[in-house]
Every structure is written in C-alpha cells, then in structure tokens.
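Reader: I am new to this structure and would like to go through it step by step. Could we start by looking at it together?

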Amino acid sequence: MSATLGELATLVDGRVVGSPSIEVLGAATLLDAGPGDITFVDRDEKAEKLAATHARAAIIPAGFPTDRLTMPAIAVADVHQAFTRIVQHFRPVRNSRRIGISPGAIVSPTAQIGQDVDIYPGATIGDDVVLASGATIHCGSHVMAGCRIGEGATLYPNVVLYENTVLGARTVIHAGCVIGSHGFGYRFVDGQHRPCAQLGNVEIGDDVEIGALTTIDRGTYGPTKIGDGTKIDNLVMIAHNCRIGRHNMICSQVGIAGSSSTGDHVVMAGQVGVRDHVTIGAGAVLGAMAGVANDVPAQARMLGSPAVPEREQKARFAAIAKLPELRKRVAALERSLNQTRHHDDPPRSQAA
C-alpha cells in the first residue's frame, strides 16, 4: 500500500515541502526508517538525526527550518497526531470481529448478558455476573461469581476477576491481570501467620486502563478503589484497601502497600514504592524509584529514597557528584597538614 507525499499531506491536513508526487511505501521512526519510508521529527534540535536517516520523506513541525531539510517533507501543526494517522494508513488497526457468545465459552445460566457482548472461546463467566452491553471477554479470561462489568469494557486474554469485582464503562484490562486477589494480610497467632479477613472487593471506575500482569488486591472488609480515568502500566502492584484517585498515571513496577491513598492527577514514575497507610496529595509527582515513607502534600514533586522534595534531592545529588573531588582535596589537605606538623616538630635532641 503506497501513497504519494501529496496524498499523505491531504490525509493529515499538512503542507508539502518539496515534490508532492514522491511515492512513499511505509512509515517508520528515525532509527528504523528505510529508503521508501516516511519518518518524523518533533523538534528542531533533531535536524541532524533527520539528515542521518535513510527515510525518503519526513513529517516536520510547522516552523521547522527548511534550510536544514535533506528530503521532502510535510509540515503539520501536530507531528505525533499526523504520524499516527499515516502509520494507520499503512498498517490499519486489526479490529477483532464480533462473535457474540462462543459455544466454546463457559457461561453460567445465572449470568446477565447485555446486547452486543462478545465472549471468546475458553472464557469463563461465573454465577450472577453482569456484563453490560458492548463488553468483550477474550479467550482464557475468568470472571468469577458476582462481578459486574460496565458498558464497552474489554478483558484481554487470561485476565482473572475474583468474586464481586466491579469494572466501570470502557475500562480496559490487559492480558494476565489479576483483580481482586486476597490481600497480603496476616496475624501472628500461636507461632503461626494466619490470614486476616478477605471480605472486600475491587471497584474500578470508568475509562480506566490497566496494563498486562498488574495485580490489585481486594479490600479486607470494604473495597479497594481505582478512580475514573486512571491509567496503570504493566507489572504494577496495588495492595488491599488502597484508594487511587481519578486520572492518576502509574508507571511500570510501582508497588503501593495496603491502605494507602492518592488524590486526583497523581503521577508515579517507574519503580516507585509507597509504604502502607500513606496519603499522596492531588497533583503530586513521584520521580522514578522514589521510596515514599510519609504523606506527600498536594502538588509536591518528590525524588529519591527516602523521597524528599525535588529541589532538596537535586541539591543532594549535586553534592554527591562532588564527593570524589572533595575526597581528593581532603586527602591533599591532610598531607599538607602532616608535612607542616613534621616541619614544626623540634629535633629529638633538643626536646630531650
């Protein structure tokens, strides 16, 4: 599937710089682009990288210095939006065909199934489950008794929803997630670790997306909650009784211990660790690998382990970077001081 540069410019409402008749065979990033591809740069500073690529043409931001161009281009207002449309032109999204309820699925007779629901072979739907219209349950997923799945929600293959889990409308759960498993709570009685009550559930709001292999534990007595619009990456662990606010961004390998909560619009970068019973204020940003042991105020930016305000942590990083040179200077001062003391010591014969 090929297209001329002029046709692609029309597709993305862009302006051609160079010949519109050039044929483009595909789309790829700067690193991967071949002689027939169109690529993109989103900043003027990438002009040198653009010159080094093998691409035939490029998408560039409006205002990009054309004197630094080494190939024909399309100038657009939003580079990423335009390149997305062009990639979809060459590689259309493969939408799953609607199949209804597969005879290879196991569906309880007490389940309530809405209109236009797809349940793929190997999926299991337990007793008293409610699937709203437009929901999709892919192969191998197991929806246990009493779950409620909202309109247009999607479970990708091998998702497990424990009993009484609630998913909001248009929620997407990627492959291998386990939602509603028992929390890691034990009491030490008579020399043994005995499990605490696991009588709660998980409630997930509308428009939430949860990445592959993430786990969210049920509450002890009440729900663990995930707010509307929150996006959770792969390999995240959210423990029992947590309350995650709306529109949070939680990156890969974050671990949040039990009974912690976040406000709205919180960002947690990769490998952040949050202790139990901690409150993260609205709009806070936690940098990668931050170790959060205390409450975080709203709008705060925290770095390091233990996490402290960003400005303070950067000052510490700057000081640490100077330690090798400081060590050399201290050693030199010690040598100089020892030499001075040796010079000032009286001869032994005089001292005697």
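Author: One definition is needed before the bridge partners are discussed: two strands pair if DSSP finds at least two bridges between them. Please keep in mind throughout that this is a predicted model.

Reader: With that definition, in which sense do strands β21 and β22 pair, and what is the bridge partner of Tyr186 in β22?
Author: Strand β21 covers residues 186–189 and strand β22 covers residues 192–195, and four bridges join them in the antiparallel sense. Two residues lie between the strands of this hairpin, where Asp190 takes a positive phi near 50°. Within the pairing, the residue of β22 that is the bridge partner of Tyr186 is Pro195.

Reader: Where does Pro20 lie, and is Pro20 buried, exposed or partly exposed?
Author: Pro20 lies in the loop between β2 and β3 (23–24), and, when residues up to four places away in sequence are not counted, Pro20 touches Thr4, Leu5 and Gly6. Its C-alpha is 23 Å in space from that of Pro92, and 72 residues of sequence separate Pro20 from Pro92. With a relative accessible area of 45%, Pro20 counts as partly exposed.

Reader: How many aromatic pairs does a search of the whole structure find, and why is the pair of Phe40 and Phe83 called tilted?
Author: The search of the whole structure finds two aromatic pairs. In the pair of Phe40 and Phe83, the ring centres are 4.6 Å apart and the planes stand at 45°, so the pair is tilted.

Reader: Are Phe40 and Phe83 buried or exposed, and what is the relative accessible area of each?
Author: The cut-off for a buried residue is a relative accessible area under 20%. Phe40 is therefore buried at 16%, and Phe83 is buried as well, with a relative accessible area of 8%.

Reader: What kind of pair do Phe184 and Tyr186 form?
Author: Phe184 is exposed, with a relative accessible area of 70%, while Tyr186 is partly exposed at 45%. Their ring centres are 5.3 Å apart and their planes are at 75°, so the pair is edge-to-face.

Reader: Which residues of α3 are buried, and what arc do they cover around the axis?
Author: Helix α3 has twelve residues and reaches 17 Å from its first C-alpha to its last, close to the 16 Å expected at 1.5 Å a residue. The buried residues of α3 are Val79, Ala82, Phe83, Ile86, Val87 and Phe90. They are on the same side of α3, because around the axis they cover an arc of only 135°.

Reader: Which strands stand at the edges of the open sheet of eleven strands?
Author: The eleven strands of this open sheet follow the order β10-β13-β16-β19-β24-β27-β30-β33-β36-β38-β39, and the pairing is mixed. Each edge strand has a single partner strand, so one side of each is left without a neighbour in the sheet, and these strands are β10 (118–119) and β39 (308–309).

Reader: Which residue of β13 stands opposite Asp118?
Author: Two bridges join β10 to strand β13 (residues 136–137), and the strands run parallel. The residue of β13 opposite Asp118 is Thr136.

Reader: Is His138 buried or exposed, and what is its relative accessible area?
Author: His138 lies in the loop between β13 and β14 (142–143). Leaving aside neighbours within four places in sequence, the contacts of His138 include Ser96, Tyr120 and Pro157. His138 is buried, and its relative accessible area is 10%.

Methods. Residues are numbered from 1 along each chain as its sequence is written. This is a predicted model: local features need pLDDT of at least 70, side-chain atom pairs count only at pLDDT 80 or more; totals for chains, interfaces and linings use all residues. Side-chain values use heavy atoms; hydrogens and water are left out. Buried means under 20% relative accessible area, exposed over 50%, partly exposed in between (1.4 Å probe, protein chains only). Contact means heavy atoms within 4.5 Å. Rings of Phe, Tyr and Trp (its six-membered ring) pair if their centres lie within 6.5 Å; planes under 30 degrees apart count as stacked, over 60 as edge-to-face and the rest as tilted. The expected span of a helix is 1.5 Å times one less than its number of residues. The arc is that of the directions from the helix axis to the C-beta atoms.
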